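Trainee: I would like to learn how to read side-chain contacts and strand pairing from a model. Can we work through a case?

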Amino acid sequence: MKNIFLILTTVLLFSCKNNKSNTTTPVGSTNKTEATSDFTLTFGSCNKPSKTNVLWDDVLKLNPNVWIWGGDNIYGDSEDMNKIKLDYELQHQQNGYAEVVKNTKVIGTWDDHDFGKNDAGVEFPKKKESQQLMLDFFGVPKDSPRRTQEGVYSSEVFTTDKGSIKVILLDTRYFRTGISKAEINGLQEGRTILGAAQWEWLNNELYNSKANFNVIVSSIQTIAQDHPYEKWANFPNEREKLLNMIAVSKANNVILLSGDRHISEFSKLEREGIAYPLIDFTSSGLTHASFNFKGEPNSLRKGEVVHTLSFGVLQFNFDENKVTMQMRGDDNKVQQEIVQVYP
């Protein structure tokens, strides 16, 4: 009887492990095959238009349905709007990018360097003018309501024969309260990342979403909380508000995308009220990366940090309710991958 019990126990344990591995493929797995994709989303951040971008041809080879700019799309860093305008024009001339615009839907948000100043927020004096230049870059019509709205946040639903994906683009700059490193652990009252109007808008976007997947694009990392740089965790009340809103809204299969860091990594959070792991896919370093990266803490990281040139790929399979997320480099090399099956 003891032998039979041990055999049955071993079989059950092995079965459980197999079921778990079928849900999430470990990051860094060498078993990377081309996913069956009903919709391909590509994204990236941290792009200097004066530098050569060797990745545009790799993006094009995937024939994506959309390219999303995650921020630091140029490095304007100026209150001189002519300088920022010229940088956007230079980006349009960057070798390969014109082909992306011609063949792919292009949308996006900004971060501090295209907003106008490193680590800047609500206090930046040229934010209204900078917003108009960013909307020009994305070809937003002059009569669009986005031209009179404060902040560059927006959303778009992509519909296929099998399902839909809502992309929600946040603006983490226009309304963000100024904060110094010394103040991070201080009084939280009155601090905001999104501002009242954008919070109300985001609440409606999530509660009213009928999409099979909801992709939230934040220029700064949402889940990682251990490093000393810009992140939602510097505003813990705002981070908690976002995570709670995702849970309470019951929006389907929320995925977080971020940039900013000059590294790429996956962070994963198990959250009460959310029936699946919440993944923050950080993809940063289109023309420059932290090649001399020495490491940093992230207790919620899955896999390793990629600190070479990289862009992000999400391949959606509606039949299996599965998303294959990949970091890709030059020659479309898959640097790291995670596969998530949703309920």
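Mentor: Start with a polar contact: the side chain of E296 meets the side chain of R261 at 2.8 Å. Keep in mind that this is a predicted model.

Trainee: Where does E296 lie?

Mentor: E296 sits in the loop between β10 (278-282) and β11 (301-306).

Trainee: Why is E296 called buried?

Mentor: The cut-off for buried is under 20% relative accessible area. E296 is buried because its relative accessible area is 14%.

Trainee: Which residues does E296 touch, not counting those up to four places away in sequence?

Mentor: E296 touches H227, Y229, R261, I263 and R301 on that count. R261 is also the partner in the polar contact.

Trainee: Now the strands. Which strand does β2 (residues 39-44) join, and how many bridges are there?

Mentor: Look at the direction and the bridges together. β2 runs parallel to β3, and 4 bridges join them. F43 has I68 in β3 as its bridge partner.

Trainee: What lies with β2 and β3 in the β-α-β unit?

Mentor: Helix α2 (residues 56-61) does; with β2 and β3 it makes a right-handed β-α-β unit.

Trainee: How many bridges does β3 form with strand β4 (residues 105-108)?

Mentor: β3 pairs with β4 over 4 bridges, in the parallel sense. V66 stands opposite K105 of β4.

Trainee: Which residues of β3 (residues 66-69) are on each side?

Mentor: Read the two faces separately. V66 and I68 are on one side, W67 and W69 on the other, and all are buried, so both faces of β3 are covered.

Key:
Residues are numbered from 1 along each chain as its sequence is written. This is a predicted model: local features need pLDDT of at least 70, side-chain atom pairs count only at pLDDT 80 or more; totals for chains, interfaces and linings use all residues. Side-chain values use heavy atoms; hydrogens and water are left out. Helices (H or I, at least four residues) and strands (E, at least two) are DSSP runs, numbered from the N terminus. Buried means under 20% relative accessible area, exposed over 50%, partly exposed in between (1.4 Å probe, protein chains only). A polar contact is a pair of N or O atoms within 3.5 Å; within protein, one must be able to donate a hydrogen and the other to accept it, and residues adjacent in sequence count only if both atoms are side-chain atoms. Contact means heavy atoms within 4.5 Å. Two strands pair if DSSP finds at least two bridges between them. A crossover is right-handed if, with the strands pointing away from the viewer, the path from the first strand over the helix to the second runs clockwise.
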